[in-house]
Structure formats: structure tokens, C-alpha cells
Amino acid sequence: MQVETTTIATTSPKLVDCYRAVRNFSLKLCETLSPEDCTIQSMPDASPTRWHLAHTTWFFETFLLRERGDYRRYSEDFEVLFNSYYNTVGEQFPRPHRGLLSRPSLGEVLAYRDYVDEQMVRLLNDRVEEVDSIVTLGLQHEQQHQELMLTDIKHMLGRNPLEPVYRDGNWHSAQARGSEWLEFDEGLYEIGHSSQPRAEAFAFDNESPVHRHFLPPFRLASQLVTCGDFMRFIDDGGYQKPELWLSEGWNTANNDGWQAPLYWRQSQGQWSHFTLGGQRPVDMNRPVCHVSYFEADAYARWAGLRLPTEFEWEVAALDESKRATNQATFADSLIASDDVVHPIGSDALMGDVWQWTASQYTAYPGYVAPAGALGEYNGKFMCNQFVLRGGSCATHSTHARATYRNFFAPAARWQFSGIRLAK
């Protein structure tokens, strides 16, 4: 099913409609969950679904509604409970302990959302244009958390021996056989947000400013690395060869017992993996998923190749002549009757899995974090993380773009992360 997408932009005259759509989609993601499912925190890096629902509401209340003199907060206690990392705002409840909060109940969190939504719709109907940019940021922020909800739900259900099914369907597209190499000339390329065709669309501050970057000639694989490709790495003893691994990656893999991507397991010589559609045989033609930067880098070394830089990836993604343009939906199709996610075309650079790059997450030349609390959104995380590009099957299509810079620590595996090679 193809779903028509709408760019959320500060110039949109229908911002209130965008607000309703994004907020309702968060609730759509919870339809197959029990209240108990929404409470569990399966590891310190994950958060309970209920917390995501409350925190995204806290964002609008804190950065928009609280600024109005006639607004009364839903609960003063929520200011601390649902503050994620904004030190400028105040104290936060410890992240690793979010799963210990049995109260407020899911019902009260939903009532909190209704309360804030009513006030926000009133604000947007008043067309106070000076708040539009913050509203837009809040909606993009909620879409980030929608993806986190799916990754955290998968991790939570994956720890359950009953192997519960979240939603049935195929979450990744099969890759075409035989990857080709997309060739690019050396040159001085523009990197950053306004280099994309629709420069008026929203972008986070870490996607700017536009700057020029020199690239030697390079090639990028037209296909993602498949499970079958990665299986050959496993069968060749890739997890036992220290010469393939960065030192920290080798130590992490050994200490944590990595022998395959997250959620994979072998029984009687057959490999299966846990998916949002339950436990399934590993399809060797689908993209390998849930690998860390360390595994992606080790695989590239084993293959005699390398990971692309984020600049190479962006140049390739913006070259319409070298990529597919049949933009299908990602997480959007959860609203379809068949509940099947339809990733974008097999030759496209975007979709299916986030792709690790060789680039560490740092500021672009001339970057200045925004003033105030919202300046903490991206800038303070520019340390000890690597950039991922391309979006995944869990990314909403209105949230994906060629200049988007995702970032995670190199050991992170619970995100929908995979591999594209370069040389």
C-alpha cells in the first residue's frame, strides 16, 4: 500500500493537522500492546513505551505551553519524571530506572496526552506563528521517539521466551542478487541540509551549515549486505579473528559473547531470528540487521572493503541518476489494513536499515548550537558516536531525508542498523 506523505514544514498552513497525525500515530503503534508491555524497560538504553508517550508530551508542555501565562501544568511531578536529558530545564529521573515507575499508570499518561493535545490544538488554531518552528521540532522529535518505541518494543518482546508477535508482516525487502558499484568522480561537493532538492523541508541543526567537502573518487555498493553475505563471515570464523576487529570492538564482542547479529540464534544447524513478526527463519536474501559499528567494520575488513564516510553516502543519496526513486513507505504502513511494512526499492540508498558510516559524529564546520535548552538537543552528543544514514523500516517516511544524521555508540545493536560497503 502506498501512503501519501506530507512534509512537515514550518511554512505549512496545516500544522495543526500535522500535529494530530503525528500524535495519533504514536497511539497507533501501541494498539497491539498490553498495559504491561508499555511498562517494561528491557535494558538501560531502552525506555518503556509509556515513558516515550509521556516524554513526547512533556516536550510540548515544557517548551511551548508552559511559556503561556494562563497554562496550568498537568502535574508538577512530571517535570522531573519525563525530562530526558535537558539539564537547562532541571533535574531528571535516572534513565536506567524508568522501568521502575509503576506510576503514573498508562491510563494517566494517556490522559496527560489528551490534556496537552487539547491545549496544543487551541494554540495552533490561534495561529501564533512564532511557535511554529518549535512545534515542528516537537513533531520531528516525536517521530524519532516513534522509531525508538519500535526498537525498544522489539528488544522487550525479544527477551520474552514466549516470543510474542508485535505485528505480522515482512519488515525488510529482499535484496536483488548481485550488487553493483555506483561510481562517483572526485570533486568538491556541497554537504548539508540545503543541498537536498527540497531545501524548504525541516532539518535538525546538526545537518547544517552547508559546507564543501573534497572527496577522492569512490564507489558505493548498490545493495545492502544481506544475511547470506554476513553468514559467510560467520562461517569463516569472523567473530574469532582479532585481526578484523578494532580493539574496543574485539573486547566488547568477547565480553558480551557476540557470535552473530542480535536476535539471531542457531538450533539444530538452522538459523532463526526474532522479529517484530515473531521468531522466523533467517532469510538470506534480506539485509542483515541489528549489527553494531564494530561488526559492520569487521565485516568490511573481512570483505576487503570499507564502510563509506557519511559524506560519500550523502553525495550518493542526492544523485538521482544513481538511485531508485520509487519511494514507498516505512513504518507508515502500520496504518494499512495488512500491517505490512513496505520498504523502498532494492536499489535505493534509503530504507530497510540504518547504515553505519565510517564517520564519527562531530559538528560541521561553523556549527553553533541553538541558544537555550533546545541547544542541548544534538550538540552535546557529538562525542564517542558514529553516524548512520538512510533510515530504516521503522522510520516514518515524512521523517527520512538524504541529509539526516543519526548517531549511536559503536557497540549499539538494538537499532535497525546494517551495512553498505564502499571502496
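**Labels and their cut-offs**

Tutor: Begin with His290, which is found in the loop between β7 (278-281) and α8 (293-302). Helices (H or I, at least four residues) and strands (E, at least two) are DSSP runs, numbered from the N terminus. This is a predicted model: local features need pLDDT of at least 70, side-chain atom pairs count only at pLDDT 80 or more, and totals for chains, interfaces and linings use all residues. Residues are numbered from 1 along each chain as its sequence is written, and side-chain values use heavy atoms, with hydrogens and water left out.

Student: Why does His290 count as buried?

Tutor: Buried means under 20% relative accessible area, exposed over 50%, partly exposed in between (1.4 Å probe, protein chains only). His290 has 2% relative accessibility, so it counts as buried.

Student: Which way does Tyr263 fall, buried or exposed?

Tutor: Buried, because its relative accessible area is 12%. Tyr263 also has a positive phi, about 80°. Its place is the loop between α7 (247-255) and β5 (264-267).

Student: What makes the bond from Arg103 to Pro104 stand out?

Tutor: That peptide bond is cis, with omega near 5°. Pro104 lies in the loop between α3 (78-81) and α4. Ser208 and Pro209 are also joined by a cis peptide bond, with omega about 0°.

Student: How do you know that the length of α1 agrees with a helix?

Tutor: The expected span is 1.5 Å times one less than the number of residues. Helix α1 (residues 15-28) has 14 residues, so it should span 20 Å; its end C-alpha atoms are 20 Å apart, which agrees.

Student: Why are α1 and α4 called roughly antiparallel?

Tutor: Axes are lines fitted to C-alpha atoms, for helices over the stretch in contact, and angles run from 0 to 180 degrees between N-to-C directions. Under 35 degrees counts as roughly parallel, over 145 as roughly antiparallel, 65 to 115 as roughly perpendicular and the rest as oblique. α1 and α4 pack at about 170°, with their axes 10 Å apart. They are therefore roughly antiparallel.

Student: What makes Leu53 buried?

Tutor: Leu53 has 1% relative accessibility, so it counts as buried. This residue lies in helix α2. Leaving aside neighbours within four places in sequence, Leu53 is in contact (heavy atoms within 4.5 Å) with residues including Ser26, Leu110 and Met149.
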